[in-house]
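Please look over the sequence and the structure shown below, and keep both in view while reading the report that follows.

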Amino acid sequence: MQKKDKTVSFLSKKTTVLAGESVKLEFSASDDNIQLFCTSSYSTVILTPKRVDKIYQFDLPKHLTNKRGDIVWNVIHQNKTLLTGNITVLPSKEKTIMESYAGPPSIVAGGEDYFMLTVCPTDEYDNPLLDDTNVLINYQFDSKIVSSNEKIKNLTAWKTIFSYEKSGRFLVNSECNGVSSKEITTEVYPNNAVRFKITSSRYHDYADGNQIASFKTSVIKDSYGNIVSDGTHVVFVTKNISGDLLTSYGNTIAGVATGKMLHPDRKESWKTFAYVDGIAESDTLNIKFKELFTDFQVKFSEDNREITVGPIKSFMNQLIPDGFVTKLNIYQKDTLLEIKEVPTRKGYAKFYLHPDFYIENSYGLKIETGGITKNFIKALKN
């Protein structure tokens, strides 16, 4: 649209150009002192003409004509606008550059989660291509390739891509005007784990406080049969006869996690299960441990201050492992004075009641080891 003035005429016929083209506007005018005031979204300039015969020529600068959009021009004379018009710059067709983004970088299997591919094709001057320009989007998953034609709208073309029931990896790319984008990868991880099973193994079923009981999960999968991701954290929980909770931890490798717990040091019954925090739980195992021995010997010195427990022998009549805990509870009448704990060494546990702490008197002595208790009343002497 032009605002006409009798003293100036617009001679150029071309009002639409491609980015990167040289643009020359020509006018005829009755006065030599005209200028061209040009405005675009990038800048504003005032140009002085070059006169050829009776024609005034204005060469528009590249920083205006390289950018898509409208350039509004005004012919001015002594601060008065004589004529107004505009030039429309369209994206160049010489070269297409593909900018593409996909996110999030990972989703879960099941068909409900998705990622989006966004494509912004531009020309060599970074101008977005026109709306309705065709963009071909390709994606590959598990040997299946799908293609989709999308149109540019509001500077971009996009597509949402949903996961399948299987875990794996999407490879995605796009094409426009015969130019391809780079390959983009999106991982599809397994969905939440579902109920699983656990098993246990041990070298023997005696409560020796020394060997290790191992727990192992079945292959943990999601509801679609995908093996959960490596490193999934599994907690193993054991409840003993006393109601105490023991825990062990493991992380999955190929869907399987293992946990280990030390054998108890007395006859025991465990209820053990495992869980993936807040997601899935296993069945419960009932595990029993036999008592390691049924009796033990106790010897007192003449002054009853040195107490020797042992030799304590295990299920094959062998000496129990070093470190087996033996406790001595010391009472005076019905008052508990102290609890001493001593680990065994070479099958024996020894206690000594020092005269500085225990004066000559009669004391109740309760000795506990392996779940077996023996009670004595002894008079300590100096």
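Which residue forms a salt bridge with Lys14, and how far apart are the closest N and O atoms? The sections below take up this question and then turn to other features of the model, which is a predicted one.

## Salt bridges

The partner of Lys14 is Glu21, and the closest N and O atoms of the two residues are 3.3 Å apart.

Asp295 is partly exposed at 47% relative accessible area, and Lys374 counts as partly exposed at 22%.

## A positive surface patch

Four lysines, namely Lys239, Lys267, Lys271 and Lys288, form a positive surface patch. Lys288 is placed in strand 26, which covers residues 285-289. With a relative accessibility of 59%, Lys288 counts as exposed, because the cut-off for that word is over 50%.

## A buried serine

Where in the chain does Ser148 lie, and is Ser148 buried or exposed? Ser148 is found in strand 14, which runs over residues 144-151, and its relative accessible area of 12% makes it buried, because buried means under 20%. When its neighbours within four places in sequence are left aside, Ser148 is in contact with Val135, Leu136, Ile137 and Lys159. By contrast, the C-alpha atoms of Ser148 and Phe289 are separated by 64 Å, and these two residues are 141 residues apart along the chain.

## Backbone features

Most residues other than glycine have a negative phi, and most peptide bonds are trans. Against that background, Ser143 can be noted for a positive phi of about 70°, although it is not a glycine. Ser143 sits in the loop between strand 13 (134-141) and strand 14, and with a relative accessible area of 70% this serine is exposed. Asn304 also has a positive phi, near 65°, and is a residue other than glycine. The place of Asn304 is in the loop between strand 27 (298-300) and strand 28, where its relative accessibility of 12% counts as buried.

Which peptide bonds are cis? The bond from Gly103 to Pro104 is one of them, with omega near 0°, and the bond from Gly310 to Pro311 is another, with omega near 5°. Pro104 lies in the loop between strand 10 (96-103) and strand 11 (106-108), whereas Pro311 is placed in the loop between strand 28 (306-309) and strand 29 (325-332).

Definitions and conventions. Residues numbered from 1 in each chain as written. Predicted model: local features only at pLDDT ≥ 70, side-chain atom pairs only at ≥ 80, totals over all residues. Heavy atoms only, no water. Patch = residues over 30% accessible without salt bridge, like charges linked within 9 Å, V, L, I, M, F, W, Y side chains within 5 Å. Areas by Shrake-Rupley, 256 points an atom, 1.4 Å probe, with all protein chains shown as cover. Salt bridge = Lys/Arg side-chain N within 4 Å of Asp/Glu carboxyl O. Lys, Arg positive; Asp, Glu negative; His and termini not counted. Charge placed at Lys NZ, Arg CZ, Asp CG, Glu CD. Helix = DSSP H or I, 4+ residues; strand = E, 2+ residues; numbered from the N terminus. Buried < 20%, exposed > 50% of the residue type's maximum accessible area, 1.4 Å probe, protein only. Contact = heavy atoms within 4.5 Å.
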